[in-house]
Amino acid sequence: MGLHGVKAVFFDLDNTLIDTAAAGRRAIEEPPRPLQVISALQSKHHYGEGEARAICDKVQAKLLKECHDPAKMCITDLRISHWEEAIQETIGGEANRDLAAECYYQWKTTRLQHLTLAEDTRAMLTELRKGLRLLLLTNGDRQTQREKIEACACQPYFDAIVVGGEQKEEKPAPSIFHYCCHLLGVQPAECVMVGDSLDTDIQGGLNAGLKATIWLNKAMTAPVDTSPVPHYVISSVLDLPAVLQKMEHNINAKLETDHMASSNE
């Protein structure tokens, strides 16, 4: 990138660089070893397939609505409680904390095994880093996010990694974006945010005054709300280099136009 263009790119992690949602689904249904949760509930605990699937569906719904306050409860206890509640809601009877913990740890271990940074994404990051500073900016519980980062082995591709759960505020607060800028020694107007969440990634980038926000919309569906509005929309993170080139071209064209205008005065 040129002197007047982008100097740094901030990347979201979950469902941007790695497909966390798919890994979570596979942890329930697909992996051969260890036994997936549904098979374990059937074979070891003699639940019917319908009951086992109902439990897992309820957990998935709870994860989507999850609100975690680390000051009140650790993430492990919260997620074991999701399984405990789902089992009780489906089967009835006494709460079974031991079974809930077994299901949770099996799901967690298998999900981490399926979190991978795709080879083409690694190649893209390697190429981008030749001319840009790259930073990983992810919201979430410190332990959970650090385990994901370790599992997908993405550390070597970034100049810095910032986990929201380790900071005073998370995305979309401007403070965490400004902290990232400080880490890299750049100004907000020299940075781009790439992520799949309009509420945290895009709104946060706009709040912080970044040069541009790039929304990863894999389904290319129109957002329900018209706000916030990203500067660019891509369907794959691999489309990012083309967007950055377009931005650089536009900046250079504007500089040339401005220069010609000043020369004619």
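Let's start with the largest nonpolar core. It holds 34 residues, and Val9, Phe11, Leu136, Phe158 and Leu240 touch the most other members. By core I mean a set of buried Ala, Val, Leu, Ile, Met, Phe, Trp, Tyr and Cys residues joined through side-chain atoms within 4.5 Å. Buried is under 20% relative accessible area, exposed is over 50%, and partly exposed is in between, with a 1.4 Å probe and protein chains only. Helix α10, residues 240-264, gives this core its largest share, 4 residues. There is also a second, separate core of 21 residues, with Ile28, Ile55, Val59 and Leu63 among them.

A word on the source. This is a predicted model, where local features need pLDDT of at least 70, side-chain atom pairs count only at pLDDT 80 or more, and totals for chains, interfaces and linings use all residues. Residues are numbered from 1 along each chain as its sequence is written, and side-chain values use heavy atoms, with hydrogens and water left out.

Next, the strands. Helices (H or I, at least four residues) and strands (E, at least two) are DSSP runs, numbered from the N terminus. Take β4, residues 191-195. 5 of its 5 residues are buried, so β4 is largely enclosed by the rest of the structure. Both faces are covered: Cys191, Met193 and Gly195 are buried on one side, Val192 and Val194 on the other. What does β4 pair with? Pairing here takes at least two DSSP bridges between two strands. One partner is β1, residues 8-11, parallel, over 4 bridges. There, Val9 stands opposite Val192. That is the Val9 we met in the largest core. Another partner is β5, residues 212-216, also joined to β4 by 4 bridges and parallel. In that pair, Val194 has Ile214 as its bridge partner.

Now cysteines. How many disulfides does a search of the whole structure find? The count is 0, with a disulfide taken as a pair of cysteine sulfur atoms within 2.5 Å. Cys56 is in none, and the nearest cysteine sulfur, that of Cys103, is 7.0 Å away. Cys56 is buried, at 2% relative accessible area. Cys67 is in none either; the nearest cysteine sulfur belongs to Cys74, 17 Å away. Cys67 is exposed, at 70%.

The grid is 1 Å over the protein atoms alone; a cavity is a set of points where a 1.4 Å probe fits but cannot get out, a pocket is an open set with protein on both sides within 12 Å along at least five of seven lines, and lining residues have an atom within 4 Å of a point. Points join across faces, edges and corners, and volume is the space filled by probe spheres set on them.

The largest pocket has a volume of about 1,100 Å³. Of its 32 lining residues, Asp14, Leu63, Glu66, Arg79 and Lys148 are closest to the centre. Elements giving two or more lining residues are α1 (20-29), α3 (49-64), α4 (75-91), α5, α7 and α9 (198-207). By class, the lining has 6 nonpolar, 13 polar and 13 charged residues. Nonpolar is Ala, Val, Leu, Ile, Met, Phe, Trp, Tyr, Cys and Pro; charged is Asp, Glu, Lys and Arg; the others, Gly among them, are polar.

Last, cavities. There is 1 of 30 Å³ or more. The largest cavity holds about 60 Å³ of space. Its lining is Arg79, Tyr104, Trp107, Lys108, Arg111, Leu112, Thr144 and Glu147.
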